Amino acid sequence: LRGLHLQVPPAGEAKLVRCTRGAVFDVIVDCRAGSSQRWRWIGVELTAENRRALYVPAGFAHGYQTLTDDTEVFYLVSEFYTPGAETGLRHSDPDLAIEWPLPARAVSSKDDAWPLLSEIDGEGFGQER
């Protein structure tokens, strides 16, 4: 399981994500201050067979869980990776209540250390200028 990642302004980025081999459950979370949908998530299954792509607007956190072995995911991003602008949300946050289809077997230590919603000052988090 990878994510949930986003970059904040001035390096906020949009993404276009597609699974080119295997299958993933792809999730985005609205992190935009002032949004009526803030902290809500949607999840879609992207597979090589269904050829769907998911657009991830700037200000949304993004993550995915592989559903098959040997999965490959392809991204187009609107900004360069900027380590100082990177932030994220914990995939297992009970306040987000994301319904991942499988138990999380492998999560990086970085992704496991993202804050819970209860631990962040939400006003500027993920805000687009």
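How many aromatic pairs does the count come to? In this predicted model, the count comes to two. An aromatic pair is described by the distance of the ring centres and the angle of the planes, and both numbers are given below for each case.

Take F25 and W100 to begin with. Their ring centres sit 6.0 Å apart and their planes meet at 80°; an angle over 60 degrees counts as edge-to-face, so that is the label this pair gets. The two partners come from distant parts of the chain, 75 residues apart: F25 belongs to strand 3, while W100 is found in the loop between strand 8 (86–88) and helix 1 (109–112). Is F25 buried or exposed? F25 has a relative accessible area of 13%, so it is buried. W100 comes out at 16%, and it is buried because the cut-off is under 20%.

The other pair is Y64 with Y75. Here the centres are 6.4 Å apart and the planes lie at 55°, so the pair is tilted. This pair, too, links distant parts of the chain, with Y64 in strand 6 (residues 60–66) and Y75 in strand 7 (residues 72–77), eleven residues apart. As for cover, Y64 is buried, at a relative accessible area of 12%, whereas Y75 counts as partly exposed, at 25% relative accessibility.

Next, the nonpolar interior. In soluble globular proteins, nonpolar side chains tend to be buried together. In this model the largest nonpolar core has 14 residues, and L4, V29 and L89 are the ones with the most contacts inside it. Strand 1 (2–7) and strand 3 (23–30) each put at least two residues into this core. Which strand gives the largest share? That would be strand 3, with three residues. Another core lies apart from this one; it holds nine residues, including V24, I28, F60 and Y64.

What about nonpolar side chains on the outside? L16, Y55, F74 and L76 make up a nonpolar patch on the surface, and together they have about 400 Å² of accessible area. Y55, one of these four, is placed in strand 5 (residues 53–56). With 51% relative accessibility, Y55 counts as exposed, because the cut-off for that label is over 50%.

Key
Residues are numbered from 1 along each chain as its sequence is written. This is a predicted model: local features need pLDDT of at least 70, side-chain atom pairs count only at pLDDT 80 or more; totals for chains, interfaces and linings use all residues. Side-chain values use heavy atoms; hydrogens and water are left out. Patches are made of residues with over 30% relative accessible area and no salt bridge: like charges are joined within 9 Å, nonpolar side chains (Val, Leu, Ile, Met, Phe, Trp, Tyr) within 5 Å. Accessible areas come from the Shrake-Rupley method with a 1.4 Å probe; for residues, only the protein chains shown count as cover. Helices (H or I, at least four residues) and strands (E, at least two) are DSSP runs, numbered from the N terminus. Buried means under 20% relative accessible area, exposed over 50%, partly exposed in between (1.4 Å probe, protein chains only). A nonpolar core is a set of buried Ala, Val, Leu, Ile, Met, Phe, Trp, Tyr and Cys residues joined through side-chain atoms within 4.5 Å. Rings of Phe, Tyr and Trp (its six-membered ring) pair if their centres lie within 6.5 Å; planes under 30 degrees apart count as stacked, over 60 as edge-to-face and the rest as tilted.
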